[in-house]
Amino acid sequence: MSDNNRNLEETGSEQEKQKKTEKIAAEILQMSKNKLLVNLRFMDMALNQFRIFPKPEATPFTASDGNVYLYDPGHILKAYMLDENLPIRNFLHTVLHCVFKHFFVGTLVDQKMWDLACDIAVESTINDLELNYLNISKAKEQIQFFNLFKKKVQTITAEKIYSYFLDEKLSGDLVERLSLLFKGDDHVLWYLTEEQKKKLGLSVGPADHAVLPGERMLFLLNWTDIALRMQTELEMFVKIRGTEAGLLTQNLREVNRERYDYTEFLKKFAVRGEVMKLDPDEFDYNFYTYGLQLYGNMPLIEPLEYREVKRIREFVIAIDTSGSTSGELVQTFVQKTYNILKSTESFFTRINLHIIQCDTVIQEDVKITTQAEFDDYLKRMKLHGLGGTDFRPVFGYVNAMVDNGEFENLKGLIYFTDGYGVFPQKKPPYDTAFVFIEESYNNYDVPSWAMKLVLREEEI
């Protein structure tokens, strides 16, 4: 047999082998998806969201950017031969990355740390499901690490883990070891621009065209809808079964959590008043200039010197000093609140601001009327109390001040707290908001007459 014929035969044999590998790998992936669909029906939309196709030159693993799922057929076969649960677990691993929107990442992120944080969050979530067909050999070591780690990071989400790792400054060797332990796919697509994907032959839009920014936003919003639906169905399931919310629910609450703008929120407590400011909407420039031309320095219509604007004049900041809120965090919150209040668009020059500290009783009341007094207060501010939590004393105290004429028109009271307390039964004669510090994703209940804002420490 000639060398050319031998080469053709070997090439044909190699092509047949490749086709067979691709066929078996595709069947394994389809089987994995079907098993997940049967057992995790609340994930049906997420599991059917991808365009799945082989792309061995893209990555030796599997990879997704939330729009496509790329895989190396040879990797799928090797994984299945090593442990038949690996392909199904790794597929779920990638899907959960997308549900939690880990792929939506900023350019300044530490990629190794973010990848590791995301993998730990996802693998820990899978282990928490306690499903036999998702069990793999390294899960035991993962759980051992997790049991130690969860004592340091109460909320097991990628964001919390990433923040902790950055603070701890992990060694490169430890990062590599943990990466191998928790890795389930490749994150290469997360960091490529659409132009880079196109150059590498990884166009991911319909009909293999590069995804435009608008299209990328659409499928990001689509994953948001998927996560919201999953959270709703999971919480209903948990409620019916009477079981505790697991890591999957916890991560879904995080990704679906509404991000609040505290500045805009605070403006809801504004009251109307008059300030010396020209209001261009209250007079006609045509008549004004015509009068100047006709009579010299006498305009026909004088512009109004007063303008009605939303300004904050009287306000109460109540601080829960029951023990678990740190003094530094409280001071940061008060400073942030003051920075918003003193802005020219929402603050009178002289104010009547009371800062009240309370646990189960009133511990301190400081009256602030000027910026100088506020600056002095912040310099000497100390927390008092550290007892239990009862919201009622503050409302009784403020109501008495209103009755005694301390306030002319108190519009707002913001109660800064990190836990549960006893609420008054009746609505006070002023707007009230409770600002909670979110640590354990508790669904804080407040009376119907109160507003609720849940912030994380970094948002304060």
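**Figure 1. Packing of helix H5 against helix H6 in the predicted model.** Helix H5 spans residues 111-129 and helix H6 spans residues 139-149. On the H5 side, the contact is made by Ile120, Glu123, Ser124 and Asn127. On the H6 side, Ala139, Gln142, Ile143, Phe145 and Phe146 take part. Sorted by class, the contact of H5 with H6 holds five nonpolar, three polar and one charged residues.

**Figure 2. Crossing of helix H6 and helix H8.** Helix H8 covers residues 172-182. The axes of H6 and H8 come within 9 Å and cross at roughly 125°. The two helices are therefore oblique to each other. Glu141, Gln142 and Phe145 of H6 meet Arg177, Leu178, Leu181 and Phe182 of H8. The contact of H6 with H8 is made up of four nonpolar, one polar and two charged residues. Gln142 and Phe145 of H6 are named here, and Gln142 and Phe145 are also listed in the contact with H5.

Figure 3. Leucine 116 has 1% relative accessibility and so counts as buried; the cut-off for buried is under 20%. With neighbours within four places in sequence left aside, leucine 116 is in contact with Phe165, Val175, Leu178 and Ser179. One of these residues, Leu178, is also listed on the H8 side of the contact between H6 and H8. The C-alpha atoms of leucine 116 and lysine 183 are separated by 7.7 Å, although the two residues are 67 residues apart along the chain.

**Figure 4. Two lysines with positive phi, lysine 101 and lysine 169.** Lysine 101 has a phi near 55°, a positive value in a residue other than glycine. Lysine 101 lies in the loop between H4 and H5. Lysine 169 also has a positive phi, of about 55°, and is not a glycine. Lysine 169 is placed in the loop between helix H7 (158-168) and H8. Which of the two is buried and which is exposed? Lysine 101 counts as buried because its relative accessibility is 17%, whereas lysine 169, at 68%, counts as exposed.

**Figure 5. The open sheet of strands S1, S2 and S3, with helix H4.** The sheet has three strands in the order S1-S3-S2, and the pairing is mixed. Strand S1 (51-54) and strand S2 (62-64) are the edge strands, each pairing on one side only. From one strand to the next, the twist averages 20°. Helix H4 (residues 86-99) packs on this sheet and touches S1, S2 and S3. The direction of H4 makes about 20° with that of S2. S2 pairs with strand S3 (residues 68-71) in the antiparallel sense, over three bridges. Within this pair, alanine 63 stands opposite leucine 70 of S3.

**Figure 6. Strand S8 and its parallel partner S9.** Strand S8 (residues 412-417) is mostly covered, with six of its six residues buried. In a regular strand, side chains alternate between the two faces of the sheet. Gly412, Ile414 and Phe416 point one way from S8, while Leu413, Tyr415 and Thr417 point the other way. The residues of both groups are buried. S8 runs parallel to strand S9 (residues 431-437), and six bridges join the two. Among the paired residues, threonine 417 has phenylalanine 436 of S9 as its bridge partner.

**Figure 7. Helix H11 within the chain.** Helix H11 (residues 247-256) has nine of its ten residues buried, so the helix is largely enclosed by the rest of the structure. The buried residues are Leu247, Leu248, Thr249, Gln250, Asn251, Leu252, Glu254, Val255 and Asn256. For the protein chain, buried residues make up 47% of the 460 residues.

**Figure 8. Overview of the protein chain.** The chain has 16 helices and ten strands. Its accessible surface comes to about 24,700 Å², of which 51% belongs to carbon and sulfur atoms. Of the contacts between residues at least 6 apart in sequence, 69% join residues at least 24 apart.

Key. Residues numbered from 1 in each chain as written. Predicted model: local features only at pLDDT ≥ 70, side-chain atom pairs only at ≥ 80, totals over all residues. Heavy atoms only, no water. Axes fitted to C-alpha atoms, helices over the stretch in contact; angles between N-to-C directions. Helix = DSSP H or I, 4+ residues; strand = E, 2+ residues; numbered from the N terminus. Contact = heavy atoms within 4.5 Å. Nonpolar A, V, L, I, M, F, W, Y, C, P; charged D, E, K, R; others polar. Buried < 20%, exposed > 50% of the residue type's maximum accessible area, 1.4 Å probe, protein only. Areas by Shrake-Rupley, 256 points an atom, 1.4 Å probe, with all protein chains shown as cover. Parallel < 35°, antiparallel > 145°, perpendicular 65-115°, else oblique. Pairing = 2+ DSSP bridges.
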